[in-house]
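Thanks for asking me to look this over with you.

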Amino acid sequence: MDRRDHALSRRRVAALLALALVPLAVLGVFFALPVAGMVSRGLFEGGRFDPGAMWEVLTRERTLRVLWFTLWSAAAGTALSLLLGLPAAYALHRLEFPGRRVLRALLLVPFVLPTLVVGVAFRQLFSTSGPLGWLGWDGSVWAILAGLAFFNTSVVIRAVGSAWESLDRRPGEAAAALGATPVQVLRTVTLPALRPSIVSAASVVFLFCATAFGIVLTLGGLRWSTVETEIYLLTTTLFQLRAAAVLSLLQLVVVLVLLVVAQRLRATPDPTVARAVPRPVRPRRTDVPALAATLVALVLIGAPILTLVAGSLRVGDGWGLANYRALTSTGSNQALTVPVTDALVTSLRTAVDATWMSLLLGTVIAFVVTRRSVTPGERRLRGALDAVFMLPLGVSAVTVGFGLLITLDQPPLDLRDSPLLVPVAQALVALPLVVRTIVPVLGGVDDRQRQAAASLGAGALRTLATVDLPVVWKPMLAAAGFAFAVSLGEFGATAFLARADTPTLPVVIYRLIGHPGALNYGMALAASCVLAAATALVMLAVERLRVPSVGAF
């Protein structure tokens, strides 16, 4: 490489760092600083390194029990989600039958349903007066596992289905022509080809299960607690901030280890890169088991939602809209500080702010990590930036909210009373989803088109408008929808940061559940239905903007 090439390389690296400066600064202030503050709270006492106190927290019997329950419940929830999701992923992405798109959209709705709503729905389903009350699962670990599977089956359908959709049929057909049975084709051809996407989906589902906050908090209470809910209880109920910080640190380490392991397991070529999408085929006799399993998944996903709606319409011994009309009040015995309708307005306004923040930041990040690298050094730098920008995916919302609470509380960054703190936290939670929705599409744009536009005299902005935007505008809208839906139902970080006079809808739902009284519980069910309907509508719109064969992870 001559001197001119070195100069060109330095200018490209400088331009790359300049473009990444704003996202890095935002993550540094609102993610790295709070997480570092949380870590220091766990490791240091009065400015002195104090591993003894940390060891005392880690060796508590309850801490070990909570850690064990977190790991095995996440593993069981992942296994159940794969068992339900894989057949449905095949049926919905490889077969053609009437209503397939609507069914696919309905099965994907739980993906963006607030975890708190899912917890309320299963609590209603398994209560003594619920349709499945005879199972005796109310307050049991089985209710938690059912909630985890309900929430994450849609993740498997979306992640694996996108890869399955673009899988080449010819190797399987050749194996069948040589006498292989459908099971042998599945075991020896299909599953090995889908391994990267299955491992990717399983790793994401495991992370979601291990950090499922609303579901475990609602269904498990104090008896069944994960690391995530234990941090919340230690902070808000027992006021043991040091112990909560130690658990946050433990969770951070575990999650980062899981991310590294998952990255190594899926370090094989991903079939989605080819983006060849064969036409779906009409179901054959051998597809009946997959269609039946899809029907079972639809029933399992629909039952809690229908039970939730029915419960919201139940008034005494009859039916009516009294619970919905009561949403303009503060509940019985002044359970709330503001009416539920005010909280809904706050949620919508906060979600809009979080959406534009995450979309703006995520789009810049996507452009940074997908531009063609000229030198190995530039390629390594882009890879490092990509890993840094994905760090929020490995840290739970509770940890982010707790970190913001204990670090941004003094000048010059005293943001405890700032109305932007909640949308900023929600934007951080939605950011990895936005990036992973845009990056696959933007990365698929042939760089020669940009070079051709530049050679014809187009500047950077004109190249962006004529080459990139026509391809990426639909994924950007889809990413905005994802971010809005996720922000609307976000509860983990918001539970720490929401002010008493401006709570969001998930926060007031949790408060209503915690207050006795039939009216309060009916209002919680009605508010959950409103929240679920809003996120479902957004999800249906996002499904229409989906780019075939491109998943969200």
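The numbered points below go through a helix, a pocket, the core, a loop and a few individual residues.

1. **Ground rules.** Please keep in mind that this is a predicted model, where local features need pLDDT of at least 70, side-chain atom pairs count only at pLDDT 80 or more, and totals for chains, interfaces and linings use all residues. Residues are numbered from 1 along each chain as its sequence is written, and side-chain values use heavy atoms, with hydrogens and water left out.

2. Helices here are DSSP runs (H or I, at least four residues), numbered from the N terminus. Within helix 18, residues 447-455, the buried residues include Asp 447, Arg 450 and Ala 453. The buried residues of helix 18 line one face, because they fall within an arc of 120° when seen down the helix axis; the arc is that of the directions from the axis to the C-beta atoms. Arg 448 and Ser 455, on the other side of helix 18, are exposed. For these words, buried means under 20% relative accessible area, exposed means over 50%, and partly exposed is in between (1.4 Å probe, protein chains only).

3. **What covers helix 18, and what follows.** Helix 17 (421-443) and helix 19 (460-489) are among the elements that cover the buried residues of helix 18. After helix 18 comes Gly 457, with a positive phi near 100°.

4. **The second largest pocket.** Rolling a probe the size of a water molecule over the atoms shows where empty space is left. The second largest pocket holds about 860 Å³ of space. Its lining has 28 residues, and those closest to the centre are Tyr 90, Pro 182, Val 185, Leu 186 and Thr 190. A pocket is an open set of points, on a 1 Å grid over the protein atoms alone, where a 1.4 Å probe fits, with protein on both sides within 12 Å along at least five of seven lines; lining residues have an atom within 4 Å of a point. The volume is the space filled by probe spheres set on the points, which are joined across faces, edges and corners.

5. **Who lines that pocket?** Helix 3 (61-94), helix 7 (170-177), helix 8 (182-210) and helix 12 (288-313) each give at least two residues to the lining of the second largest pocket. Helix 8 supplies the largest share, eight residues. By type, the lining splits into 18 nonpolar, four polar and six charged residues. In this count Ala, Val, Leu, Ile, Met, Phe, Trp, Tyr, Cys and Pro are nonpolar, Asp, Glu, Lys and Arg are charged, and the others, Gly among them, are polar.

6. **The nonpolar core.** Which residues have the most contacts inside the largest nonpolar core? They are Val 340, Ile 438 and Ile 509, in a core of 159 residues. A nonpolar core is a set of buried Ala, Val, Leu, Ile, Met, Phe, Trp, Tyr and Cys residues joined through side-chain atoms within 4.5 Å. Leaving aside neighbours within four places in sequence, Ile 509 is in contact (heavy atoms within 4.5 Å) with Leu 116, Val 120, Ala 524, Ala 527, Ser 528 and Leu 531.

7. **Phe 150.** Phe 150 sits in helix 6, residues 141-165, and is buried at 4% relative accessibility. Phe 150 and Leu 300 are 150 residues apart in sequence, with 7.3 Å from C-alpha to C-alpha.

8. Beyond neighbours within four places in sequence, Glu 230 is in contact with Arg 62, Val 66, Ser 225 and Leu 247.

9. **A loop worth a look.** Asn 333 is in the loop between helix 13 (322-325) and helix 14 (340-370), and Gln 334 lies in the loop between helix 13 and helix 14. Phi is positive at Asn 333, near 60°, and at Gln 334, near 50°. Asn 333 is exposed, at 72% relative accessible area, and Gln 334 is exposed at 59%.
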